[in-house]
Amino acid sequence: MIYFDNAATSWPKPPGVAEAMVHFIDDVGANRGRSAHRLAVESGRIVYGAREAVAELFKASDPLRVVFGHNVTEALNLALRGLLHAGDHVVTSSMEHNSMMRPLRALEEQGVELTVVQCSPEGLLDPAGVEAAVQSMKKLNRDAAHLIQQVGANACTDITGFALLGHGYEMAEKSGVRLRFHVEQLPFVEGAVQYADEWLFPGGTCKNEQAYEHKVHFAPTIPEEMQQLLYTPETSGGLLVALPADRLTRLTGLFADEGRPCWIVGEVTEGEGVEVA
Ligand SMILES: Cc1ncc(COP(=O)(O)O)c(C=O)c1O
C-alpha cells in the first residue's frame, strides 16, 4: 500500500479545488443518492467522476471499489485495521502524522510488527535505509532454523522486540550462563550505525534499556550510541543460536553452502547476564 499524505497540508491548493467547491455550493448543493431530482443526480455525477478519476490514478479496475472516508483519519483506520493482522510487518517513517502512527501503535499491541525508519533532523529519509529494513524483514528465519536443526544447538531465540541484549539476556538467564558479545563482530542493517550516530532511535529502545540495563555490562570503550543501538528493538533480527564450539565450522559451512549469512558474534561463559566487549 502506498499512502500519499499531501492533500491535508499542501498549500496553496490548485485553483481547481476552490472552483469545484464554489461550483458545488453555488450551483448544486444537493446530497447524492438521496433523491432523484436534477441537482441530486448532478451531485451523484460529480462524485462518480471523482471515483473514476481516483480509480484511474491508482489503476483500480473498478471505480465502484473506491471508498471515500469522512476524513484521512477514518480512511487510514479503515485501511490499516482492514488489511493488517498479527504477524504482519509494517515499515513506516518517523515523520508520520498521528493519524497514521496512533493506529499503527495500537495495532502493534495486537501483534503487528512495526519498523519506524528514522528521518534525519532535517526531515530526510534515506531510501537505502528503508530498502534495507524491508529486505531484512522479508527474510524468513525458517530456512536458517532448518540448517541449525541439522547441526543441533544448545539454545536458540529469534531477535525481535527485546533487541539483541534483551533476548540474549533471556537466553543466558534460562541457561544459567553468561553471554559475551563482541561488538565489532555484530552485523547491522545498512544505515543503523549512522542513525545511532545521530542519536535517532525508536521509542522501544529506551524501554528495553530500562528493563535490561542492570543485567548488561558494557566494556568502557563501547560508545553510548552503540549501547543504545544494541537495545534497539528489531522487527526481524534473525536468530541467535548457541552451540558447542566443535560444531561451529559445520554450521558456518552449511550457511555458506546455502548462500545465507551468519556471523559468530561472541561466546558463552560461566556467570550470568550479558557482557558486551
Ligand atoms: C499531514 C496530515 N495527515 C493526516 C491528517 C489527518 O487528516 P484528517 O483531519 O482528515 O483526519 C492531517 C490533519 O491535519 C495532516 O495534517
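**Notebook: cores, sheet and overall dimensions**

I started at Tyr169 and listed its contacts: leaving out residues up to four places away in sequence, Tyr169 touches Tyr212, Lys215, Val216, Gly273 and Val274. The model is a predicted one.

**Entry 1, nonpolar cores.** I next looked up the core around this residue. Tyr169 is among the residues with the most contacts inside the largest nonpolar core, together with Ala163, Leu165, Val216, Leu230 and Val274. I noted 21 residues for this core. Which elements give two or more residues to it? I found helix 7 (163-175), strand 4 (178-181), helix 8 (192-197), helix 10 (224-231) and strand 8 (273-276). Helix 7 supplies the largest share, 6 residues. I also recorded a second, separate core, with 7 residues, including Leu84, Leu107, Leu114 and Ala133. As background, nonpolar side chains tend to be buried together in soluble globular proteins.

An open sheet is formed by 4 strands in the order 5-8-4-7, with mixed pairing. Which strands are at the edges? Strand 5 (216-218) and strand 7 (266-269) pair on one side only. On average, neighbouring strands of this sheet are turned by 20° against each other, with direction ignored.

Helix 7 lies across strand 4, strand 5 and strand 8. Its angle to strand 8 is about 130°.

How many domains is the protein divided into, and where? I have domain 1 at 15-65 and domain 2 at 142-276. The centres of domain 1 and domain 2, taken over C-alpha atoms, are separated by 56 Å.

For the dimensions, I noted a box of roughly 85 × 40 × 30 Å along the principal axes, filled by the C-alpha atoms. The radius of gyration is 26 Å, whereas a compact globule of 277 residues would have one near 19 Å. Buried residues make up 17% of the 277. Among contacts with a separation of 6 or more, I found that 73% come from residues 24 or more positions apart.

Conventions
Residues numbered from 1 in each chain as written. Predicted model: local features only at pLDDT ≥ 70, side-chain atom pairs only at ≥ 80, totals over all residues. Core = buried A, V, L, I, M, F, W, Y, C linked by C-beta atoms within 7 Å. Buried ≥ 20, exposed ≤ 12 C-beta atoms within 10 Å, placed from the backbone. Contact = placed C-beta atoms within 7 Å. Rg over C-alpha atoms; globule rule 2.2 N^0.38 Å. Domains from an automatic or database assignment. Pairing = 2+ DSSP bridges. Axes fitted to C-alpha atoms, helices over the stretch in contact; angles between N-to-C directions.
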